[in-house]
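Today I am looking up salt bridges. I want to know who pairs with whom, and how buried the partners are.

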Amino acid sequence: MLEQPLVGREAAVELIENAIEAAFHGRGGCLVLEAPSGFGKTRALKHAARFATAAGARVVQGQATRLDQLAPLSTLTTTLGICGGPFEAQLEQGAGNTATIGRLRARLGELVSEGRPLLVAIDDMQRCDDLSALALRILVPSLLDRPVLWLLARRPSARRDQAHDALDALFDSHAQRIELPLLHQDSVHRLCRELVDGQPGDRLLSLVEHARGHPFLVSELVHSLDRGGRIHREGTLAELAEGQDSASSDGELPPAFVTAVCERLIDLSPGARKVLEAGTVLGEPFTVHEAAGLLTDSVNDVLRATDEAVTSGYLVEGEPGLTFRDCLTRQAVYASLSTSARRALHREAAAIVGQEGRPPSQVAEHLLLGGPLNRQAALDAVSKATAELFQESPDAAADLTIRLLDKVDGVDQAAASLLADTMRTLACLGRADDARALGERVLHRVDDATAGGMVLRELTELLGAAGDSEAIIEHTRRVLAQAGIPDAVRAELLAEQAHALTHTSAMADAAEPARYAVEIAQQEGLRAVAARASLAGSMAARVRGELGASYELARCAVEAADAAELPVRYPRMWLASALVALDKFAEAEATLSLCEGANIYIPRGQWLLRLRTAQLHLAAGELDKAAAASAAGLSELEPNAPVCDSIPLFAVAAEVATLRGEFADAEQHLDAAFERAHRSGTRYGEVAWRKALLLEAKGQLDAAVRTAASYPITTSHLDGLVADSLIGPATMVRLAVRGGATEQARALALGVRTLAESNHSVASLVAAATHVEGLVSGDPAMLTRAVDLYRYSPRPLALATALEDAGAALLERDQPHGEQMRTEAAAIWSAANAKRARNEPDPDSHPRFPGASGDAHEVAWRTLTPAELRVVRLVAEGMTNRAVASALVVSPHTVDSHLRRSFEKLNVTNRVELTRLYLAAQPPSIP
């Protein structure tokens with residue numbers, strides 16, 4: 001057994017040393033050290049023996065054992081060294097007490113001969129035999145006038161027999177009791193310093209404080225941790241290794257410590273040890289009645305065993321029950337139980353504590369610790385417990401439910417409902433990551449589609465807040481593929497899928513799930529679902545170039561939301577955006593004014609209303625108002641706002657700053673927009689053309705031309721190009737023409753014309769299509785026609801741009817009205833408070849259009865995310881999508897999404913073009 005340093009026992013040591021010195025002056029006596037096991041009694045006796053020997057006294061030492069009860073006087077005779085011979089024969093022949101005591105006194109006289117004091121030190125006197133105790137009661141007082149010092153040590157004991165009574169009588173009348181208390185905190189720290197031979201760290205000191213000042217527990221714990229390699233030393237500092245700063249009942253205590261603690265319990269009766277085991281399972285505090293029920297023993301037997309455990313210092317009585325004196329002993333006893341024993345006891349404990357009226361949370365805890373469970377029983381218990389815990393400790397309620405998932409073999413609708421509530425609770429507590437992890441685990445354990453749908457509702461909200469639209473799409477597709485989904489659940493999942501698709505580069509694909517969701521929702525009377533699905537369908541129609549359909553679906557979304565009395569205004573804000581796209585500015589302004597009501601809640605924040613307002617003002621050429629609205633939106637943007645949704649806010653702010661000549665601000669906003677576009681893999685188009693606009697305004701024409709030449713020509717990117725002020729198409733086509741990128745310019749012009757033909761009632765689009773076609777052809781008449789068409793639209797900045805281009809073309813050919821048009825354009829820019837200074841190229845030095853060297857795609861390559869670059873590399877090496885998915889350990893759907901986005905960004909249509917471009921371009925390195 002370990003021998004801990006004798007720390008915190010200075011008072012007891014001083015008393016012992018003073019008594020030894022008194023013996024040298026002929027005064028005998030008796031000192032009794034009383035303390036529970038491990039408090040330093042044995043160490044104090046050894047110190048006394050060394051001190052007495054060094055001073056010249058004679059020392060005899062002994063220790064009572066459990067076998068002493070079988071051999072009368074064995075404790076004393078063994079200690080005094082008179083075993084065997086005539087004395088033992090006298091005992092066997094039944095010599096009288098007087099003769100026996102006389103023989104013992106004679107032996108003590110022999111030991112005190114030659115004038116040397118005698119120290120008799122006997123340990124573990126709680127095991128002393130009856131005759132030795134009776135003999136001591138006579139010998140000690142009879143030798144007080146002789147230099148004999150008795151130093152006896154014993155543990156508290158509930159034992160009541162002749163020996164115990166005799167010793168109590170002796171100690172009360174002729175002995176001085178020395179009680180060894182628990183160590184104070186400073187003594188514990190000093191003991192730790194000696195044990196580690198250095199300075200213990202804060203985590204180590206915090207852990208040993210669980211010993212509550214028990215010297216043995218402190219010493220054994222530190223030694224066990226050190227031997228197990230769990231203490232790290234750096235110089236003189238000794239600290240717990242990382243991840244080792246807890247001691248709990250789940251097996252984290254060092255095995256050697258558990259063994260040492262249990263060995264200390266050997267003096268307890270089997271009944272007392274069983275009470276301790278029952279207490280570790282029942283939890284603190286526990287009652288005698290509960291322990292008796294768990295052990296199936298009589299209350300009287302358990303009472304006696306409990307008294308023994310209390311007297312021995314392991315348990316403490318109080319209100320409302322029994323507790324362990326320190327948590328380390330409790331944990332060690334619990335750790336010593338086998339897994340099967342723990343489970344069986346916890347199963348029984350669940351019924352017992354329930355009968356005793358303990359809280360439902362404790363019943364559930366025992367059931368969860370009892371191994372595999374009947375699903376319904378576990379669900380009932382946990383449901384009651386969480387209902388009770390939620391108000392007082394929602395964290396504990398949530399954690400209890402999470403543990404339920406590990407104990408049941410599946411998740412049905414009832415369990416799914418409970419787990420969905422738990423996910424909502426975790427999210428409210430700021431534990432969104434835990435909530436998401438729980439939801440994704442549950443989805444792989446559900447028994448039916450309805451249960452999956454219940455959990456997925458909560459999960460999609462969490463994933464949406466985190467901006468993980470791809471995960472929402474994948475989860476909804478998996479659940480929707482299951483059979484037997486109720487229509488109401490199917491409609492909701494389709495709406496969530498459509499909504500998630502609107503936050504990806506595959507926004508146009510949201511049309512189909514949105515349409516199905518609306519059909520089902522209308523049949524089932526699910527107005528809120530219809531509103532969400534109609535909104536997603538409107539966004540999908542917008543990027544597909546179907547502006548009329550986008551408006552109709554947005555209107556339906558508003559009507560459904562109003563009918564459902566939803567306290568949201570997001571559908572109405574999107575309706576305003578749809579109206580702006582149709583040149584209906586007055587209606588858009590009226591719609592936005594309805595969103596200013598203070599009683600309406602915006603799920604994504606006030607900043608979104610500022611964005612829609614800024615877009616309307618920008619389209620109307622009101623740059624100061626647009627600047628104020630966008631600045632307000634940026635100041636109100638929440639840190640956790642969806643990345644995809646926030647890109648237009650930065651893009652609009654950048655365009656406004658560019659037109660106002662605030663280039664530094666524009667650069668800052670574009671950097672933020674590009675970072676978000678890169679992170680989300682969406683909305684690159686509406687950022688890229690504004691970058692070209694800024695470069696042109698700053699006179700960096702080569703860079704502006706390269707940006708225009710590599711601009712992806714897709715429907716979704718065209719939607720970003722024709723938005724708001726509508727100066728984007730002319731800007732990009734003009735730069736492409738200037739750089740000699742004729743095919744790129746024609747492709748852009750064709751895209752705008754196609755969009756205009758699909759929306760022929762929108763005057764601005766028809767004018768924009770004519771404008772870019774005039775730039776491609778260089779026809780002043782067509783450019784002049786564009787000016788005339790713009791006069792029927794409400795977008796003054798687009799008109800000003802057309803006036804500039806038409807005026808330049810007319811002046812170049814010495815045709816009339818050129819200067820007049822440029823003057824009118826300048827007036828419009830001035831009225832808008834714009835600082836327009838578009839740099840005209842040197843006619844003898846046109847920027848070269850980047851050719852096959854790969855320069856044309858330099859900007860586009862930089863927009864690919866690391867994940868997209870990894871997919872492109874493997875595809876270029878000839879791997880199929882399924883092979884790429886296997887190599888990257890992702891789903892085929894994820895590979896498809898990355899590849900589709902890469903096609904759009906690089907302006908390629910097939911794998912052959914992608915491979916050729918990859919091999920020629922030497923794209924950025926892939927992490």
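Predicted model: local features only at pLDDT ≥ 70, side-chain atom pairs only at ≥ 80, totals over all residues.

Asp124 forms a salt bridge with Arg127, and I read 3.4 Å between the closest N and O atoms. Is Asp124 buried or exposed? Asp124 has 5% relative accessibility, under the 20% cut-off, so I logged Asp124 as buried. Arg127 comes out at 14%, so Arg127 is buried too.

Next I checked Asp724. Its salt-bridge partner is Arg690, with the closest N and O atoms 3.1 Å apart. I then looked up where the two sit. Asp724 lies in the loop between helix H36 (715-721) and helix H37 (728-738). Arg690 belongs to helix H34 (residues 684-697). I noted both Asp724 and Arg690 as buried.

Then I turned to Arg177. Its side chain meets that of Glu34 in a salt bridge, 2.7 Å from N to O. Arg177 is in strand S5 (residues 176-179), while Glu34 is in strand S1 (residues 29-34). I count this pair as another link between distant parts of the chain, 143 residues apart. Why did I not log Arg177 as buried? Arg177 has 32% relative accessibility, between the 20% and 50% cut-offs, so Arg177 is partly exposed. Glu34, at 15%, is buried.

I also followed the shared partners. Salt bridges join Glu34 and Arg177 into one network with Arg154, Asp168 and Asp172.

Last entry: I looked up the total, and the structure holds 38 salt bridges.

Terms used:
Residues numbered from 1 in each chain as written. Heavy atoms only, no water. Salt bridge = Lys/Arg side-chain N within 4 Å of Asp/Glu carboxyl O. Helix = DSSP H or I, 4+ residues; strand = E, 2+ residues; numbered from the N terminus. Buried < 20%, exposed > 50% of the residue type's maximum accessible area, 1.4 Å probe, protein only.
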